[in-house]
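Dear colleague,

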2 protein chains.
Amino acid sequence: MIPPDHPRYRSLVTRERLARCAKEGVVAMEGLTAHGRGEAFDYLIGERTTESALLAEQTAAAMLLAATRPVISVNGNTAALAAQEIAELQKACGAIVEVNLFHRTEARVAQIEKILRDAGAEVFFGPAEQLLPLSHDRAWCRREGMYTADVVLIPLEDGDRCEALVGMGKKVIAIDLNPLSRTARKATLTVVDEVTRALPAIARACRDLSAEEKSRLLSTLDNHYLLSEAIREITARLSHALD
Amino acid sequence: MIPPDHPRYRSLVTRERLARCAKEGVVAMEGLTAHGRGEAFDYLIGERTTESALLAEQTAAAMLLAATRPVISVNGNTAALAAQEIAELQKACGAIVEVNLFHRTEARVAQIEKILRDAGAEVFFGPAEQLLPLSHDRAWCRREGMYTADVVLIPLEDGDRCEALVGMGKKVIAIDLNPLSRTARKATLTVVDEVTRALPAIARACRDLSAEEKSRLLSTLDNHYLLSEAIREITARLSHALD
């Protein structure tokens with residue numbers, strides 16, 4: 001359907017994949033719109049891992065490795081876009097992988113857990129309870145999973161839940177292409193990068209970082225600096241956009 | 001479903017409406033993603049009509065009123081978001097309203113034509129032919145409609161078709177929140193504003209502009225200036241984003 005000579009071919013093919021996942025119920029309709037927002041910001045950072053994003057990815061790796069009980073929270077968009085990358089990161093850092101949805105039904109949870117298992121992830125499952133201080137379906141999580149985690153990685157998450165998790169005293173690592181979002185600003189650490197670039201970069205850092213590097217990254221974590229660097233990248237790009 | 005205390009309540013409700021329209025087939029799945037991209041840029045311009053956007057809207061009105069055969073091209077997203085606004089603009093400027101889709105089926109065309117008629121628009125219909133120099137379904141249009149138009153208003157359009165229409169010698173008015181998009185840069189005039197703010201502003205200008213103002217607007221049209229002003233608004237906002 002999409003002509004290969006279309007200048008946004010790759011982006012259109014990804015959208016088509018998400019659309020297919022939406023028809024199957026894996027991706028919420030609202031998830032398609034959220035993806036579009038991400039696309040816009042990815043375009044603005046040049047569709048590449050910036051220097052500050054790489055620093056954030058290395059710091060994320062150090063946090064996951066230093067954690068007692070790290071959890072990776074997965075929603076429909078993340079599973080549709082990056083199930084394999086989630087499985088690889090789990091292997092590299094040993095985190096629990098738990099499915100948590102905004103538009104939650106038991107059927108969707110099961111569908112997404114299956115996608116993750118098929119991609120090679122070990123999925124934490126069992127009965128969920130309404131444990132997070134939130135008014136919607138994302139209050140649901142597992143007592144021995146996210147509820148007792150000390151570090152939670154939330155790729156493609158909304159601000160509400162990020163804030164709730166931080167309020168519970170957890171260290172939260174967000175992957176969010178919008179450096180101005182509530183998620184980005186409330187998280188302990190924000191990786192401003194596209195999820196299929198960010199997750200492998202974090203996994204790579206998990207394998208490669210020395211003890212010394214890890215400790216330096218943890219002690220110099222400055223999320224405000226990382227966000228302002230992301231914004232600087234965008235404004236620099238914008239200022240030459242019409243050349 | 002969406003809690004009214006959610007800080008992005010309005011935006012989520014609009015997304016939910018689009019999701020419903022997607023389930024009914026009016027909005028293409030890919031249209032949801034495109035909407036998300038628009039949302040991101042709307043956020044960056046402050047979710048308001050900027051001064052330069054208002055100038056663009058007044059110029060658009062002058063172009064539509066000066067045209068011999070103005071056509072407003074409507075796709076699924078525009079019909080879902082702004083059918084009434086299209087009908088009102090048609091009353092104000094006398095343009096032909098014609099449905100043109102990227103993801104085209106006869107059923108979708110009929111559905112969208114019905115939405116527009118229900119909102120009070122007079123819809124140009126009849127057999128379409130593959131008349132535009134494009135490799136996909138959007139080549140389809142009507143010989144006595146868009147094909148012979150001298151001025152075409154394309155809200156929420158893609159760059160491909162914008163370029164094709166300009167290449168056919170038509171004056172193209174785009175409504176596009178992304179000032180960097182191909183659509184925005186290829187159009188004769190680009191309105192960088194959200195469609196439900198832009199269309200009523202153009203209709204208002206159609207009713208209010210004096211002959212003198214119209215002629216001044218037409219003679220001073222400078223799309224590069226309008227786009228650089230939109231970018232300046234975004235960078236100004238970004239530079240204070242973390243304050």
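Predicted model: local features only at pLDDT ≥ 70, side-chain atom pairs only at ≥ 80, totals over all residues.

In chain A, 6 strands make up an open sheet with parallel pairing, and their order is S3-S2-S1-S6-S7-S8. Its edges are formed by strand S3 (123-124) and strand S8 (189-191) of chain A, each of which pairs on one side only. Within this sheet, strand S1 (residues 70-74) of chain A runs parallel to strand S6 (residues 151-155) of chain A and is joined to it by 3 bridges; A:Val71, for instance, has A:Val152 in S6(A) as its bridge partner.

Helix H4 (residues 76-93) of chain A lies across S1, strand S2 (96-99) and S6 of chain A, and runs at about 160° to S1(A), while helix H5 (residues 106-118) of chain A lies across S1, S2 and S3 of chain A, at about 150° to S2(A).

Turning to chain B, helix H3 (residues 51-66) of chain B packs against helix H8 (residues 195-208) of chain B at an angle of about 60°, with the axes 8 Å apart, which means that H3(B) is oblique to H8(B). The crossing of H3(B) and H8(B) is right-handed. Among the residues that meet there are B:Ala61 and B:Leu65 in H3(B), and B:Ala201 and B:Ile202 in H8(B). Taken together, the residues of the contact of H3(B) with H8(B) comprise 9 nonpolar, 1 polar and 2 charged.

Definitions and conventions: Residues numbered from 1 in each chain as written. Chains lettered and ligands numbered in written order. Heavy atoms only, no water. Axes fitted to C-alpha atoms, helices over the stretch in contact; angles between N-to-C directions. Helix = DSSP H or I, 4+ residues; strand = E, 2+ residues; numbered from the N terminus. Parallel < 35°, antiparallel > 145°, perpendicular 65-115°, else oblique. Left-handed = near helix turned anticlockwise from the far one by under 90°. Contact = heavy atoms within 4.5 Å. Nonpolar A, V, L, I, M, F, W, Y, C, P; charged D, E, K, R; others polar. Pairing = 2+ DSSP bridges.
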